[in-house]
Amino acid sequence: MSGIRTNRWREIDAIFDEALERPADERSAFVRARCGDDSEVYRAVTRLLAAEKRSASVIGEHAADFVPALIEEHERREDLAPGQRVGPYEIEAEVGRGGMGVVYAARRADGAFDRRVALKMVKRGMDTDEILRRFQFERRVLAALDHPRIARLIDAGAADDGRPYL
């Protein structure tokens, strides 16, 4: 799939997202109809769907696992500051924000080994069931992918406040 042009990925991603919104037994027919005679897009979307299915067991967590801690959190704090810990990682700086998450430069700080990482967390206030489902899906897909131009999943978990990270 690495030879697919960037503008085609937008189309593939859109079809993939639409397919995921359908029951599993309807996805194949939907993708076939949506792709028509475009075999390149059809192959790419079906590979992504297959990877999503295989990856569901890699991490073994569901968005519902995070909901109780998120509901119990009454105190809304500011975003993470340098020096704060998330699991075994110490935050160094914020490096970016997206629609559902914040990305931080972080360093493994538990002494197990030394590694700098990009740590992505769901933004405060964005912890709806849908966002948590999409974040969990992102984690599963990243866990199943192995490509030099795609970020590799090193670790995943939940912060003390219940928000998931990868």
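Predicted model: local features only at pLDDT ≥ 70, side-chain atom pairs only at ≥ 80, totals over all residues.
How many residues lie between β2 and β3 in the hairpin they form? There are three residues between these two strands.

## The strands around β3

Strand β2 covers residues 89-97, and seven bridges join this strand to β3. The two strands run antiparallel. On its other pairing, β3 meets strand β4, made of residues 116-122. Here too the sense is antiparallel, and the pairing extends over seven bridges.

How much of β3 is covered? Strand β3 spans residues 101-108, and six of its eight residues are buried, so to speak "mostly covered".

## Lys 120 and its surroundings

Lys 120 has its place in strand β4. Its side chain makes a polar contact with the side chain of Glu 138, at 3.0 Å. Leaving aside neighbours within four places in sequence, Lys 120 is in contact with several other residues, among them Met 100, Gly 101, Val 102 and Val 103. Phe 135, Pro 164, Tyr 165 and Leu 166 are also among its contacts.

Now to the inside of the model. The largest nonpolar core has 16 residues, and Val 31, Val 45 and Leu 49 have the most contacts inside it. The elements that each give two or more residues to this core are α1 (6-20), α2 (24-35), α3 (39-59) and α5 (129-144). Helix α3 provides the largest share, with six residues.

Not counting residues up to four places away in sequence, Val 45 touches Ile 12, Ile 15, Phe 16 and Val 31. There is also a second, separate core of twelve residues, including Tyr 89, Leu 119, Met 121 and Ala 159.

## Aromatic pairs

How many aromatic pairs does a search of the whole structure find? The search finds two, and both are listed here.

| Pair | Centre to centre | Angle between planes | Arrangement |
|---|---|---|---|
| Phe 16 and Phe 137 | 5.4 Å | 40 degrees | tilted |
| Tyr 89 and Tyr 165 | 6.3 Å | 75 degrees | edge-to-face |

The Phe 16 and Phe 137 pair links distant parts of the chain: Phe 16 belongs to helix α1 and Phe 137 to helix α5, 121 residues apart. Phe 16 and Phe 137 are both buried.

The tyrosine pair links distant parts of the chain as well, with Tyr 89 in strand β2 and Tyr 165 in strand β6 (residues 164-165), 76 residues apart. Are these two tyrosines buried or exposed? Tyr 89 has a relative accessible area of 3%, and Tyr 165 has 4%. Both count as buried because these values are under 20%.

## Charges over rings

Arg 22 lies over the face of Phe 30, at 3.8 Å from the ring centre. The charged end of Arg 32 sits over the ring of Tyr 42, 3.6 Å from its centre.

Terms used: Residues numbered from 1 in each chain as written. Heavy atoms only, no water. Buried < 20%, exposed > 50% of the residue type's maximum accessible area, 1.4 Å probe, protein only. Helix = DSSP H or I, 4+ residues; strand = E, 2+ residues; numbered from the N terminus. Pairing = 2+ DSSP bridges. Polar contact = N/O pair within 3.5 Å; in protein donor to acceptor, adjacent residues only side chain to side chain. Contact = heavy atoms within 4.5 Å. Core = buried A, V, L, I, M, F, W, Y, C linked by side-chain atoms within 4.5 Å. Phe/Tyr/Trp six-rings, centres within 6.5 Å; stacked < 30°, edge-to-face > 60°. Lys NZ or Arg CZ within 6 Å of the ring centre and 35° of its normal.
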